[in-house]
Each structure stands twice: as structure tokens, then as C-alpha cells.
Amino acid sequence: MDQIHVTLPDGSVKDVPKGTTPVEIAKSISPRLADAALVARVTVPNDGQGELIDVRRPLDRDVKLQILTDRDPDALYVFRHSAAHLLAAAVMELYPNVKLGIGPPVDNGFFYEFLREEPFTTADLEKIEKKMHELAAQDIPNERKLMPKPEALELYKRTNQTFKCELVDEKAVEPMVSFYTTGKFIDFCRGPHIPSTKRIQAFKLMSVAGAYWKGQEGNPQLQRIYAAAFFSQKELDEYLHRLEEAKRRDHRKLGQELDLFSIEEEAGPGLIFWHPKGGLIRNLIETWLKDELLKRGYDLVYTPHIMRLDLWKTSGHTGYYKDSMFGPVEVEKADYQLKPMNCPGHILIYKSRLRSYRDLPVRFGELGTVYRYERSGVLHGLLRVRGFTQDDAHIFCTPSQIESEVEACMDFAFAVMKTFGFDKFEVELSDWDPAHPENYPGKPEDWQHASDSLASTLARMNIPYKRIAGEGAFYGPKIDVKLIDAIGRPWQLTTVQFDFNLPARFSLEYVGEDGARHQPLMVHRALLGSVERFFGILIEHYAGAFPLWLAPVQVQVCPVSEKVADYAKHIAETLKNHHLRVHLDDRNEKLPAKIRDAQLQKIPYMLVVGPKEAEAGTASVRHRSKGDLGPKPLAEVVAALQEESQSRTIS
Ligand SMILES: [Zn+2]
Ligand SMILES: [Zn+2]
């Protein structure tokens with residue numbers, strides 16, 4: 001009899017007859033494991049990653065075997081794929097005439113696409129979801145079947161599944177084509193799948209979206225039903241809650257409610273109008289930033305918004321960056337280009353005179369407004385726009401200065417995060433692919449030196465990071481910092497990038513200690529990225545409830561009646577004289593209405609004043625989230641607010 005050796009993760013080896021299945025082996029270990037087994041990973045000795053297979057697939061050779069349960073992320077992927085099949089099975093029962101597209105797992109769930117004349121409505125989705133639960137409860141096995149290719153094509157022709165026919169025709173290379181059945185439903189599929197439908201309980205059909213077949217315009221448009229799916233109801237609920245939270249924090253909605261900014265159709269898409277309250281916050285951000293730039297040895301520069309097109313030819317942007325630029329403008333028979341980047345402007349200032357090694361490093365900082373073409377379909381509030389202001393800087397330095405400059409950039413980035421209230425982040429170092437030096441401009445030794453400097457700087461600063469080879473920009477290695485917001489979403493923010501390309505294209509030089517001319521190293525760096533985008537992130541991070549130092553209105557004074565109008569005015573004046581941003585709500589409204597409106601505007605503090613307070617020279621302090629803090633002497637209130645605002649306390 002044919003025996004095979006199956007090595008388990010703990011190193012033990014089982015001798016079993018050829019054809020034994022993973023689930024049988026699981027059962028021999030414990031019935032509970034067999035019950036929990038969703039999929040198996042088999043690795044043929046000396047063959048890398050291994051392959052995921054059905055737990056009922058017979059083993060035919062010596063393998064390493066791992067049984068995956070709902071504790072394994074790879075099993076979740078398979079689970080979602082099986083859930084996609086369940087969706088298609090339900091749809092086919094309810095609407096037998098639809099044509100099937102593809103149905104893969106995706107982040108947080110899965111989709112399946114269908115061709116159907118009528119659009120799927122919310123009522124349809126409810127019906128489908130119900131049918132899916134019904135089928136799931138029947139514990140229908142997912143079974144793998146093999147079919148000769150001509151037979152497979154015939155099957156799909158007979159059932160009028162043209163897209164599937166196309167897929168079998170293109171993708172099935174082996175003589176035998178693999179299919180999976182779930183009851184009556186059959187699908188051309190490589191698998192693997194979880195054993196049956198019964199585990200698929202925690203899912204929710206979320207939306208329907210149009211998608212061209214194979215993503216190609218001109219092809220028929222299918223309807224994609226998107227769903228969220230998790231192993232447990234708890235995880236699904238948490239996910240739905242996160243979505244709700246994200247919706248509640250949507251900066252476009254809050255931007256309107258708090259009157260921070262707008263996009264005016266009359267002016268064009270992707271262009272931001274900063275309203276007084278948004279403008280005030282922007283001014284606070286920019287003032288802080290400029291002070292820091294000067295403290296940290298940067299020079300502030302300003303460069304034109306429009307420059308000769310030829311300049312952008314020299315920089316190379318008209319080549320590789322053309323699609324992201326607005327078209328040129330003709331002036332006196334010469335073409336001019338609206339700037340998509342600030343780098344060439346800073347380079348021209350650098351080049352305006354001969355630099356010596358003693359002048360380096362040169363650090364030019366600019367809040368530089370740039371314009372980039374983005375398709376209208378991808379524009380999104382403050383996050384994807386066509387005109388924005390970068391907190392841009394370029395550093396020109398010698399090779400021996402790299403490490404201290406990179407360290408200073410990272411230190412600056414952390415100061416930004418701390419000041420604006422972000423304490424979680426991820427760092428990535430994107431490198432070149434040293435196996436293909438021919439793909440990169442500049443000398444390989446410079447690349448190596450720059451990459452090593454970035455890595456050793458991060459190591460010296462004790463910053464954990466992920467190194468990604470081959471993912472650097474073509475012109476140099478870079479460090480990216482992603483911050484994690486209040487609800488756990490990552491946002492790409494700071495970037496520090498080397499550039500071996502532009503210094504060569506513009507023949508940048510400095511006179512070295514040896515009296516000879518050398519090419520300086522150039523670093524592009526932006527901390528906030530763009531002020532618009534950063535503002536969008538801030539709004540969502542704080543759900544519009546900015547810390548005191550950033551709040552457009554810091555205090556609202558709420559007199560309880562006309563009788564204390566003078567005292568209320570006195571308080572407002574006093575606060576104003578102490579550089580606090582105050583609004584006096586002297587409307588003829590009841591106190592609860594005044595408080596409700598201040599809460600809706602997310603104003604940090606409310607000072608309630610009535611006859612008692614007027615007599616005692618106090619104010620009753622109320623905080624937007626901490627509630628009533630009781631009456632306090634006015635001088636004490638002023639001092640506390642000033643301290644909280646000036647120290648930029650995050651609360
Ligand atoms: Zn499939
Ligand atoms: Zn640049």
C-alpha cells in the first residue's frame with residue numbers, strides 16, 4: 001500500500017495512506033480541529049510558500065501540512081471567496097437569467113458581478129441577503145469538480161453564460177478545468193473553498209456599483225454587488241461601526257456644517273475656497289510651520305506660479321509628468337506652464353549664484369501652491385484636489401551632511417505629529433532594486449550611500465520601519481511616514497526623498513573643499529504634504545472638535561438673560577483682550593438653545609453667566625465634552641484658557 005509522510009507544524013510526522021485528506025488528519029489530531037478546519041496549506045519540501053487547498057482534497061505525496069482555522073488571515077480570504085460564491089448562488093436562484101462575471105474576495109469582504117437589465121434595488125439586496133442566510137443554514141458543501149475543457153465550454157454555452165465562456169477559454173490551460181459547486185450553483189474556479197456554507201453568517205450586502213466587464217470601457221457594464229464579510233458578527237459590527245464613524249467624520253460634511261471650506265461649481269472642481277473659520281485654522285497651521293522652519297535653519301522663499309515651459313523640459317516634467325499638468329498658456333509667443341511642483345523654482349534660486357561647501361546645507365522652504373490635473377472622477381473633497389499648497393522644502397547638501405539632514409527632517413516630522421495630536425504612525429523606507437542599477441539615474445554608489453544613510457538614520461533614531469526594495473521613486477530612495485488617525489486609518493503624510501536626477505539635469509554645483517566643482521545632493525521633503533489634505537485629515541481625526549489652540553471659536557459666552565448683557569459683554573471683551581477667540585451669543589434665545597448650538601459648532605468652552613455670576617465676578621464653565629465644570633472667577637478662567645491655548649494642549 002502507498003504511504004505518504006505528512007509533516008505537521010510541530011515537526012511530528014504522520015504516515016498515512018496516499019489519498020488521505022487534510023480533514024481526516026485533523027480529525028486524528030482532535031475532532032474540534034477537524035470541525036474548525038477551513039482550508040489547508042500544503043508545502044512540498046523545498047518549495048517555498050506552499051499552496052492552499054480544500055480540506056477534503058486528497059493528499060498524493062509527502063507534504064508539510066498546516067490546518068488553517070478562523071485564526072488565520074489567509075483562511076479569511078478563502079472564506080470571503082466562498083461567501084462570494086454563496087452570493088452568486090443566491091442571485092442565480094432568485095434571478096436565473098443573470099449572467100455571471102467574476103466574484104473575488106476583497107478587503108473587508110467580497111463582490112460578485114452580474115449582468116442584469118434591471119438595476120438591483122435595496123429591496124433586491126434584502127431578498128438576496130435573506131436567500132444567502134437560507135442557503136448558509138442548509139450547510140451545503142462546496143465541492144470541487146474537474147471537467148474536460150470542451151465540456152466546460154459547452155456547459156457555459158448551453159446556459160448562456162458568455163462571460164464565463166470567455167474566462168474558461170482564456171484561463172483554462174490544463175486539459176481538465178476545475179469547478180466548484182454549492183448545491184445547484186456551479187462556478188469555474190480554481191478554489192480553494194471552505195468546506196461548506198454553514199460558517200458564512202456574518203456578512204452584509206453593502207452596495208451596488210457599475211463596472212465594465214474586465215474593467216475595460218466599451219465592454220458591457222455589469223452590476224457589482226459589494227459585501228462586507230467577517231468570521232464573527234462582532235467583527236462585522238465593529239467594521240460597520242468604523243464605517244459609520246468615518247461617515248460621521250467625513251470632512252466634506254463637517255466642512256459644510258462648521259462653515260470651514262467649500263468647492264464652488266462655478267469656479268471649477270477640485271479648487272478649494274477657504275471660508276473665514278477654515279482660513280483661520282490654516283493661518284494657525286502655517287504660522288506654526290513658518291516659525292519652525294526659521295528655528296530649524298530653513299530660508300523661506302517664494303517662487304512664481306507660472307514659468308516658461310522650457311524650464312519644465314529641462315526638469316523632465318514635460319516627459320514623465322505631462323499627464324498630471326495643466327496645459328501650457330501662451331504669452332508673447334512663448335509657452336508658460338502653471339507649476340505642478342516647486343522644485344525647479346528652488347533650483348533656480350540655488351543656481352542664481354555659485355555656492356561653496358561652506359554655504360551647504362542650503363534649505364529652501366516654501367508654502368508653494370501647485371496645480372495638477374486629476375480626472376474629475378477621482379477628486380475628493382480636500383483629499384484629492386487640482387490646486388493645493390505644499391509645505392515644500394528642498395535641501396541641497398554634501399554627502400557627509402546627509403545623515404544629519406535626514407535626522408533633522410524626521411525630527412521635524414515628529415514635531416508636526418505631536419503638535420497636531422497624532423501619536424501613532426508607520427514609517428516605510430522605499431529603496432531601489434540593486435539588481436537593476438540601469439533603471440536608475442545617478443551613480444550606483446550614490447544610491448547605496450543614500451539608502452544606507454536613510455536606514456542608519458532611522459535605526460539610530462530608534463524608529464521602527466519597513467524597508468521596501470524596488471519601491472523607491474526612480475530618481476532616489478525615500479522615507480514615507482503614515483500617520484494613524486483616531487479611528488485607526490493610515491494617511492500618507494511626510495515624505496523625505498533623495499533626488500539624483502534634478503541636480504544632474506540642472507547641472508547643479510558647489511565648490512568643494514578641494515577647490516573642484518561637485519554636484520550637491522538634493523532632498524525633497526514635505527511634512528504635511530499639502531495644507532488642504534492635511535486640513536481634511538485634521539477635520540476627520542478630530543471629527544471637527546479641534547483642540548483649543550486650533551478651534552476657530554474657542555469660547556462662547558452665553559448670557560442667560562438680557563439683565564446680564566453688560567456683564568457678558570465685559571467677559572467677551574476681557575477674553576478678546578487676552579487673545580482668545582470668543583463669540584458672544586447675545587441672541588434672545590433660551591440657554592439650552594445657546595448651549596446646543598455651541599455644541600453643534602464644537603466650540604471647546606461655553607461660559608454661562610447669570611445674575612449670580614455677575615454679582616460674584618465669575619462664569620460657569622462648560623466644556624463641550626467634559627460638561628459642566630462649575631463657576632470660576634473670571635481671572636482664573638482667562639488664565640486657564642490662555643495656558644491651554646498657548647501650550648497647544650491636545651485634549
Ligand atoms: Zn471562485
Ligand atoms: Zn521637490
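Which strands are included in what covers the buried residues of α18?

**Figure 1. The whole chain, shown as a predicted model.** The chain contains 20 helices and 33 strands. Its C-alpha atoms fill a box of roughly 95 × 80 × 60 Å along the principal axes. Of the 651 residues in the chain, 51% are buried. Among contacts with a separation of 6 or more, 68% join residues 24 or more positions apart. The accessible surface comes to about 31800 Å², and carbon and sulfur atoms account for 51% of this surface. There are 84 positive and 92 negative side chains in the chain, and the centres of these two sets are 2 Å apart.

**Figure 2. Helix α18 and its cover.** Helix α18 spans residues 591-600, and Ala593, Lys594, Ile595 and Ala598 in this helix are buried. The cover over the buried residues of α18 includes the strands β29 (555-559), β31 (605-609) and β32 (618-623). Lys602 follows α18 and has a positive phi, near 55 degrees.

**Figure 3. The zinc ion (ligand 1) and its donors.** Three residues coordinate the zinc ion: His81 and His85, each through NE2, and Cys189 through SG. The coordinating distances are 2.0 to 2.4 Å. Along the chain, the donors follow the spacing H-x3-H-x103-C. Helix α3 (residues 73-94) holds both His81 and His85, which lie 4 residues apart, about one turn of the helix. In an α-helix there are 3.6 residues a turn, so residues three or four places apart point the same way. Both His81 and His85 are buried.

**Figure 4. The aromatic pair of Tyr320 and Tyr321.** The whole structure has 25 aromatic pairs. Tyr320 is partly exposed, at a relative accessible area of 41%, whereas Tyr321 is buried, at 14%.

**Figure 5. The aromatic pair of Phe326 and Tyr371.** The rings of Phe326 and Tyr371 are also edge-to-face, with a centre-to-centre distance of 6.2 Å and planes 80 degrees apart. Phe326 sits in the loop between α11 (317-320) and β18 (329-331), while Tyr371 belongs to strand β20 (residues 362-371), so this pair ties together parts that are 45 residues apart in sequence. Phe326 is partly exposed, with a relative accessibility of 29%. Tyr371 is partly exposed as well, with a relative accessibility of 23%.

**Figure 6. A cluster of aromatic rings.** The cluster contains Trp288, Phe420, Phe422, Phe534 and Trp549. The links within this cluster are ring pairs.

**Figure 7. Ser530 and the residues it touches.** Ser530 is part of strand β28, which covers residues 521-530. With a relative accessible area of 7%, Ser530 counts as buried. Leaving aside residues up to four places away in sequence, Ser530 touches Phe388, Thr389 and Gln390.

Conventions
Residues are numbered from 1 along each chain as its sequence is written. Chains are lettered from A and ligands numbered from 1 in the order in which they are written. This is a predicted model: local features need pLDDT of at least 70, side-chain atom pairs count only at pLDDT 80 or more; totals for chains, interfaces and linings use all residues. Side-chain values use heavy atoms; hydrogens and water are left out. Helices (H or I, at least four residues) and strands (E, at least two) are DSSP runs, numbered from the N terminus. Buried means under 20% relative accessible area, exposed over 50%, partly exposed in between (1.4 Å probe, protein chains only). Contact means heavy atoms within 4.5 Å. Accessible areas come from the Shrake-Rupley method with a 1.4 Å probe; for residues, only the protein chains shown count as cover. Lys and Arg count as positive and Asp and Glu as negative; His and the chain ends are not counted. The place of a charge is taken as NZ of Lys, CZ of Arg, CG of Asp or CD of Glu. Donors are N, O and S atoms within 2.8 Å of the metal (3.2 Å for Na, K and Ca); water is not among the atoms, so sites may look incomplete. Rings of Phe, Tyr and Trp (its six-membered ring) pair if their centres lie within 6.5 Å; planes under 30 degrees apart count as stacked, over 60 as edge-to-face and the rest as tilted.
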